[in-house]
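Take a moment with the picture, then read on.

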Amino acid sequence: MTVFLRLVSNEWIKLQKWLVLVLLVVGPIFSVIPSLTMDHSSTEANQLLMAYSTAVLQYAWIFFPILTGVFAALICRYEHINGGWKQLLVQPVSRSQIYLAKVFLLLLFTATSQIFFVSAFLVGTWWYGIGDSISWEIIIRSAISGWLAVLPLAALQLWISFLWRSFGVPFAINIALALPSILAAQSETFGPYYPWAQPMLAMVPSEGDILDASIKVWVILVGILIAGIGGWLHFIRRDMEW
Amino acid sequence: MSNLIQTINLTRRYGKQIVVKDLNLEVKQGEVYGFLGPNGAGKTTTIRMLLGLIRPTFGEVKLFGKPLNNHRREVLWRVGALVESPSYYGHLTGRENLEVTRRLLGLPRERIDEVLSLVRLTKAADKKVKKYSLGMKQRLGIASALLGKPDLLILDEPTNGLDPAGIQEIREFIMDLPKQYGISVLVSSHLLSEMEQMATQVGIIHQGKLIFQGSITTLQKKSRPRIRFGVGDPREAQHVLQSRGWQVSLQEGELWIDGLDRNATAQIVECLVKEHFSVYRVEEVKPSLEEIFLRLTGKEESL
Ligand SMILES: Nc1ncnc2c1ncn2[C@@H]1O[C@H](COP(=O)(O)OP(=O)(O)OP(=O)(O)O)[C@@H](O)[C@H]1O
Ligand SMILES: [Mg+2]
């Protein structure tokens with residue numbers, strides 16, 4: 001456990017905090033502001049709920065999945081660029097613990113991103129003075145569901161980041177697969193199984209339980225297990241040549 | 001004395017190419033073991049296997065008498081390493097780079113200043129490492145390897161890319177490690193002259209195979225000295241000696257004979273004097289390590 005904490009605190013030293021902050025702020029701002037300034041008055045429905053749905057669409061379609069990929073790449077980047085892996089892997093710590101420390105950081109980032117998104121939305125509604133009220137519960141449930149639903153993707157992205165040294169390749173793959181997720185999400189048979197569409201589907205506001213909306217919990221769990229175990233096995237077994 | 005490093009038929013294949021073949025290294029306590037070989041010989045590949053960065057295709061690594069594959073963490077506590085080009089976090093300062101390793105190993109804070117002064121980086125400690133010169137990065141790498149007070153230091157071409165003064169400094173530093181700090185060293189290089197200066201034991205690897213392992217002096221003894229004769233009228237003298245069955249070569253006006261012992265040398269001098277040649281010089285010439293190496297590999301290629 002102490003080794004794990006030391007590894008996490010080292011990840012923290014290495015991290016360029018300003019960069020993380022910029023990344024965390026961009027998505028919420030660019031999804032929340034348009035959604036709140038948009039005119040929703042043509043519908044009978046709750047204005048705020050409409051605005052939230054629009055914001056979720058923006059945020060969870062592009063920003064959240066791509067940000068997750070960028071974070072995964074960032075976490076590996078410091079080792080990738082100047083031979084850091086061989087330095088880290090000759091230390092008397094197990095590779096599994098290093099993997100777990102990286103995973104932990106990714107969990108932290110994605111959760112923080114959700115907190116930023118929700119906060120931005122709340123601050124925005126106050127700022128623009130939108131009258132209707134919305135149940136807190138719905139928003140919090142949506143944020144938590146979205147976070148859980150991004151985990152298979154996060155594990156997959158971490159795996160991809162181990163494979164490629166460059167920042168560009170994983171980033172391009174990520175965008176190419178994130179863009180069609182809005183189409184994938186339309187399909188009830190395919191959408192729930194497509195990792196890039198899962199956060200969006202999970203964040204659609206609903207009255208049910210967490211992850212009740214349109215994705216089954218077991219789908220997410222299986223996704224986490226496959227991508228997590230795959231990435232972990234790859235990491236602990238790989239030949240470290242860089 | 002016990003072996004700090006022992007490899008048993010260590011073999012590594014990349015695709016069809018066997019890069020390291022049946023290597024049996026033995027590095028003992030208190031030695032500076034020079035791991036010598038030309039470019040592409042398999043030095044870095046071997047060192048990666050010693051540290052568990054890559055896995056052998058076949059064979060075994062033992063460090064401190066324990067098999068690496070199930071005692072990796074335990075033995076790596078006692079090893080400091082620098083593999084190939086230096087590793088660093090460029091956006092952090094030298095001190096912060098060391099702090100990362102220090103925390104991981106749970107060492108006291110003072111240790112950072114100690115190793116910084118050991119490698120003479122104290123002044124540059126708070127500069128970002130991306131602004132360091134290559135030599136400074138190498139020294140930071142060595143500092144980081146020394147941080148955990150290892151019993152064994154594994155350095156892969158630590159003088160690569162340094163200027164002559166830097167090279168000399170690192171060599172002297174390495175030579176002192178066993179005596180001053182009780183640290184045994186395995187250091188790789190493709191320069192024989194470098195090994196002559198700092199190593200006590202040598203292993204020579206060529207095309208993945210260990211072609212020599214032993215002390216530097218054994219290596220030098222392995223090839224017998226040649227005797228050089230300075231003689232008046234060398235051409236005529238060569239004829240006379242050849243007619244009596246000696247293998248004599250004539251180079252730049254002097255006669256050279258391989259592998260003579262004392263008796264044979266005396267016989268030749270006697271013979272020359274009796275034939276009224278003036279003998280003004282008899283000299284034993286030890287081959288350079290370069291020449292020894294060429295003889296071991298049987299190849300006239302330069303390192
Ligand atoms: N990942 C790899 N895939 C394929 N071949 C490799 C790989 N790594 C090394 N080799 C090959 O193995 C051989 C030995 O390489 P190695 O880096 O161990 O040599 P070296 O002795 O360290 O050389 P140098 O003095 O240039 O550092 C080379 O022919 C190299 O091409
Ligand atoms: Mg090498």
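Let's start with the second largest pocket: 16 residues line it, and T44(B), E84(B), D156(B), E157(B) and N160(B) are the ones nearest its centre. The elements that give two or more residues to that lining are α1 (43-50) and α5 (134-146) of chain B, with α1(B) giving the most, three residues. Helices here are DSSP runs of H or I with at least four residues, strands are E runs of at least two, and both are numbered from the N terminus.

A word on ground rules: this is a predicted model, in which local features need pLDDT of at least 70 and side-chain atom pairs count only at pLDDT 80 or more, while totals for chains, interfaces and linings use all residues. Residues are numbered from 1 along each chain as its sequence is written, chains are lettered from A and ligands numbered from 1 in the order in which they are written, and side-chain values use heavy atoms, with hydrogens and water left out.

Now for the largest pocket. Of the 20 residues lining it, G52(B), R55(B), L68(B), N69(B) and R72(B) are the closest to its centre. The largest share, four residues, comes from α2(B).

| Pocket | Volume | Nonpolar lining residues | Polar lining residues | Charged lining residues |
|---|---|---|---|---|
| Largest pocket | about 540 Å³ | seven | five | eight |

A pocket is an open set of points on a 1 Å grid over the protein atoms alone, where a 1.4 Å probe fits and protein lies on both sides within 12 Å along at least five of seven lines; lining residues have an atom within 4 Å of a point. Points are joined across faces, edges and corners, and the volume is the space filled by probe spheres set on them. Ala, Val, Leu, Ile, Met, Phe, Trp, Tyr, Cys and Pro count as nonpolar, Asp, Glu, Lys and Arg as charged, and the others, Gly among them, as polar.

## Where the chains meet

K86(A), V90(A) and P92(A) supply 23% of what chain A buries against chain B, more than any other three residues.

There is one salt bridge between chain A and chain B: D239(A) pairs with R12(B), their closest N and O atoms 2.7 Å apart. A salt bridge puts a side-chain nitrogen of Lys or Arg within 4 Å of a carboxyl oxygen of Asp or Glu.

Conventions:
Buried area is the accessible area (1.4 Å probe) that two parts lose on being put together, summed over both.
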